[in-house]
Amino acid sequence: MTTPRLPDGDYPFADARFPLSEMAMMEAPADLERLLRKAAEENGMEIIHDDPVELTCRAPGFPDATFLAWLPSDSGRLHILAPKDQVRGRA
């Protein structure tokens, strides 16, 4: 599996943004993957293999949470970019 090449910059994780140097790709936890897929569907966004996309989850009473999501061509599981200290298992 090849992780996408991303330009330097700040990337979303929940309600904050972090420099790329502090981030790593990981498989999204199952509950978060369901929320992200639902957010994509509600917003009419298509998750395309090997094309990173920012997805925002909205829920009453909670701040918006945005994630950079990526669906590798050799996996059916969604991956997210997360701060290295939050990563549990690498993509």
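In which helix do Glu33 and Arg37 both lie, and how many residues apart are they? Both of them lie in helix α1, 4 residues apart, which is about one turn of the helix. Before I go on, please keep in mind that this is a predicted model.

Staying with that pair, the side chains of Glu33 and Arg37 meet in a salt bridge, at 3.0 Å from N to O. Glu33 is buried, with a relative accessible area of 8%, whereas Arg37 counts as partly exposed at 32%.

The count of salt bridges comes to 7, and another of them joins Arg17 to Glu54, where the closest N and O atoms are 3.3 Å apart. Because Arg17 lies in strand β2, residues 16–19, and Glu54 in strand β4, this pair ties together parts that are 37 residues apart in sequence. Arg17 is partly exposed, with a relative accessibility of 46%, and Glu54 is partly exposed as well, with 37%.

A further salt bridge is formed between the side chains of Asp64 and Arg58, at 3.2 Å from N to O; Asp64 counts as partly exposed at 38%, while Arg58 counts as exposed at 57%. Elsewhere, salt bridges with shared partners join Glu27, Glu33, Arg37 and Arg77 into one network.

Helix α1 gives the largest share of the lining, 4 residues, and by class the lining has 8 nonpolar, 2 polar and 5 charged residues.

How values were computed: Residues numbered from 1 in each chain as written. Predicted model: local features only at pLDDT ≥ 70, side-chain atom pairs only at ≥ 80, totals over all residues. Heavy atoms only, no water. Helix = DSSP H or I, 4+ residues; strand = E, 2+ residues; numbered from the N terminus. Nonpolar A, V, L, I, M, F, W, Y, C, P; charged D, E, K, R; others polar. Salt bridge = Lys/Arg side-chain N within 4 Å of Asp/Glu carboxyl O. Buried < 20%, exposed > 50% of the residue type's maximum accessible area, 1.4 Å probe, protein only.
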